[in-house]
Amino acid sequence: MDLAELLTGPPEKAAPRLLGSTLVSDIQGKRVSVRVTEVEAYKGSDDPASHAFRGRTMRNGSMFERPGTLYVYRSYGIHWCCNVACGPEGVGWGILFRGGLVIDGVGVAVSRRGRADSLADGPGKLAQALGIGGSHDGTRLLDHDAQIRLEAGHAPEVVLATPRIGISRAAEKPWRFIEAAPVSA
DNA sequence: AGGATGATGGACT
DNA sequence: GTCCATCATCCTA
C-alpha cells in the first residue's frame with residue numbers, strides 16, 4: 001500500500017503506518033530530511049481534541065482538503081506545528097507530526113534550531129528543523145515537485161500506542177504512536 | 001530526572 | 001478574558 005492509499009483511511013489506522021516514512025523539505029536551496037518517529041491521530045468532528053471538531057474554519061481549512069495536504073498552525077503564539085490531512089476530502093481528519101530524527105541536512109537543521117541536540121523531538125522542533133512555517137500551509141505533500149514532501153520509508157520493528165500529549169479533552173484515547181527501539185538481547 | 005514558569009498570538013466563549 | 005495539539009530555562013533533588 002502506498003502513501004496516497006494509506007492516507008485515504010481513518011487517522012488512527014494511518015498514523016501508526018506513517019512511522020518510518022520521511023519528511024523532506026527543500027527550502028531556500030537547502031534540504032532537510034526527517035524520519036518520522038512520533039505521530040498523533042486527530043479525528044475531526046468525532047474528536048473533541050481536534051482543531052476540526054467544530055467544523056471548517058479559516059485556520060483549519062487545510063485539514064479538510066484532500067489527503068496529503070499539509071495543515072500548519074501556530075502553537076502557543078510561538079511555534080509552528082504541522083499535520084497531514086487524511087481520510088476523504090471534507091472530513092477534517094489529520095495526523096500530527098510530533099517528532100522525528102534528522103537523517104539528512106543535519107547542519108541546516110542545527111542552524112535553524114540554534115542548537116546541536118533535540119533537533120526534532122517535538123512538534124514545534126520538527127517544524128523548525130524542516131523550516132516549515134505558516135506560508136507552507138496547504139502544501140501537497142504527495143506532489144513530487146512540492147517544497148515539502150512525504151516519502152515512503154521502512155517501517156519500524158516496534159510501535160507503541162499511548163495517550164496523546166498536551167490535550168485535556170479525549171485524553172484517554174491511545175492515538176499517539178511512537179517508534180520504539182526493539183528490546184535488545 | 002523531574003516540576004515550575006514565562007514567552008506570545010490567535011481562536012473561541 | 002481564557003484556553004491552548006509547545007519549548008527553553010531555571011530551579012529543586
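**View 1. Buried residues of α4.** Pro 123, Gly 124, Leu 126, Ala 127, Ala 129 and Leu 130 of α4 are buried (under 20% relative accessible area, 1.4 Å probe, protein chains only). Helices (H or I, at least four residues) and strands (E, at least two) are DSSP runs, numbered from the N terminus. The model is predicted: local features need pLDDT of at least 70, side-chain atom pairs count only at pLDDT 80 or more, and totals for chains, interfaces and linings use all residues. Residues are numbered from 1 along each chain as its sequence is written, and side-chain values use heavy atoms, without hydrogens or water. The cover over these buried residues includes β1 (22-27), β2, β4 (79-86), β5 (93-104) and α3. Gly 131, with a positive phi near 75°, follows α4.

**View 2. Packing of α3 on α4.** Helices α3 (residues 106-113) and α4 (residues 123-130) pack at about 120°, with axes 8 Å apart; axes are lines fitted to C-alpha atoms over the stretch in contact, and angles run from 0 to 180 degrees between N-to-C directions. Ala 109, Arg 112 and Arg 113 of α3 meet Lys 125, Gln 128, Ala 129 and Leu 130 of α4 (contact: heavy atoms within 4.5 Å).

**View 3. The largest nonpolar core.** Among its 37 residues, Leu 18, Leu 23, Ile 95 and Phe 97 touch the most other members; a core is a set of buried Ala, Val, Leu, Ile, Met, Phe, Trp, Tyr and Cys residues joined through side-chain atoms within 4.5 Å. Strand β2 (residues 30-43) gives the most, five residues. Beyond four places in sequence, contacts of Leu 23 include Val 32, Phe 97, Leu 126 and Leu 130.

Terms used: Chains are lettered from A and ligands numbered from 1 in the order in which they are written. Buried means under 20% relative accessible area, exposed over 50%, partly exposed in between (1.4 Å probe, protein chains only).
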